[in-house]
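I opened the notebook to keep track of what I look up in this structure. The entries follow the order in which I checked things.

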Amino acid sequence: MPAHSETTSQPVPGEAEAVRRRRLEPDERRAQILACAIEMFGERPYAAVSTAELAQRAGVARGLINHYFGNKRDLYLAVVRRMVTLPPPDHMPVASGSARERVDASVSWLLDTISGLGGTWVKVTGHEGVGDDPEVQRILDEADDAAADRLLAMAGLSGSGRDDELRAMVRAYSGLVKAAGREWITRGSLDREQVHHLLADVLMAMIESTFPRL
């Protein structure tokens, strides 16, 4: 058999990557670009991220970024949505046991979710992106509402008839979650166990002392 037949020859450098790129479906290509954008926006400030460098890292033509996402701001909004979108409800632990057990399960789920998102989550939830952008704020507000509903359900506190007030308090609690996430993930000044105790103890105090006052 000839030495250079298709069954035995090795691809030249870059050939296999080129074939892989050509075979990606549109959804896969979009996901690939988004994954690279998440990495880059987690590494540096918004202003320091260029779509030209992103295209190079993703191994795509720059025009494909515009095709799938529009301009850089639109791409950043897609990153923000990805960072604050919660896992499906069927991935939530079922609220059971004592109040403390439910709280610990809720906080563990929360920290598992945050750890999987890493430094980019810290940056986008801390407004380290495009500044005072109303669209970014709208996305973050909607995410805070969804997270509050999820946390109340996991803690067994939904359907109390005072859900609006409880949700508002949990949204305020989310500020502590974000600050603690920064200390853990970005600064390394707290470890996960310490953050868990902080968030669980505060949530327990809200459940046992603050919520009953409603």
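Entry 1. I worked with a predicted model. I began with two tyrosines, and both Tyr-46 and Tyr-76 are buried. For this label the relative accessible area has to be under 20%.

Entry 2. I then looked at the aromatic rings and found a count of three aromatic pairs. In one of them, Phe-41 and Tyr-76 sit edge-to-face, with 5.0 Å from centre to centre and 75° between the planes. Phe-41 belongs to helix H2 and Tyr-76 to helix H5, 35 residues apart, so this pair links distant parts of the chain. I checked the burial of this pair too: Phe-41 and Tyr-76 are both buried.

Entry 3. Why is the pair of Tyr-46 and Tyr-76 called edge-to-face? I noted that the ring centres of Tyr-46 and Tyr-76 are 5.3 Å apart and that the planes stand at 75°, so the pair gets that name. The cut-off for edge-to-face is over 60 degrees. Tyr-46 lies in the loop between H2 and helix H3 (51–58), while Tyr-76 is in helix H5, so the pair ties together parts that are 30 residues apart in sequence. I wrote down Phe-41, Tyr-46 and Tyr-76 as a cluster linked by ring pairs.

Entry 4. Next I looked up the two helices. Helix H2 covers residues 26–43 and helix H5 covers residues 72–84; they pack at an angle of about 90°, and their axes are 10 Å apart. H2 and H5 are therefore roughly perpendicular to each other. On the H2 side, the contact is made by Leu-34, Ala-37, Ile-38 and Phe-41. On the H5 side I listed Lys-72, Leu-75, Tyr-76, Ala-78, Val-79, Arg-82 and Met-83. Sorted by class, the contact has nine nonpolar residues, two charged ones and no polar ones.

Entry 5. I moved on to Thr-120, which is placed in helix H7 (residues 119–125). Is Thr-120 buried or exposed? Its relative accessibility is 6%, so Thr-120 counts as buried. Leaving out residues up to four places away in sequence, I found that Thr-120 touches Ile-38, Phe-41, Gly-42, Val-79 and Met-83.

Entry 6. Last, I checked the largest nonpolar core, which has 57 residues. The members that touch the most other members are Phe-41, Val-79, Val-107, Tyr-173, Leu-199, Leu-203 and Phe-211. I followed up Leu-203: not counting residues up to four places away in sequence, Leu-203 touches Val-103, Val-107, Leu-151 and Tyr-173.

Key
Residues are numbered from 1 along each chain as its sequence is written. This is a predicted model: local features need pLDDT of at least 70, side-chain atom pairs count only at pLDDT 80 or more; totals for chains, interfaces and linings use all residues. Side-chain values use heavy atoms; hydrogens and water are left out. Axes are lines fitted to C-alpha atoms, for helices over the stretch in contact, and angles run from 0 to 180 degrees between N-to-C directions. Helices (H or I, at least four residues) and strands (E, at least two) are DSSP runs, numbered from the N terminus. Angles under 35 degrees count as roughly parallel, over 145 as roughly antiparallel, 65 to 115 as roughly perpendicular and the rest as oblique. Contact means heavy atoms within 4.5 Å. Ala, Val, Leu, Ile, Met, Phe, Trp, Tyr, Cys and Pro count as nonpolar, Asp, Glu, Lys and Arg as charged, and the others, Gly among them, as polar. Buried means under 20% relative accessible area, exposed over 50%, partly exposed in between (1.4 Å probe, protein chains only). A nonpolar core is a set of buried Ala, Val, Leu, Ile, Met, Phe, Trp, Tyr and Cys residues joined through side-chain atoms within 4.5 Å. Rings of Phe, Tyr and Trp (its six-membered ring) pair if their centres lie within 6.5 Å; planes under 30 degrees apart count as stacked, over 60 as edge-to-face and the rest as tilted.
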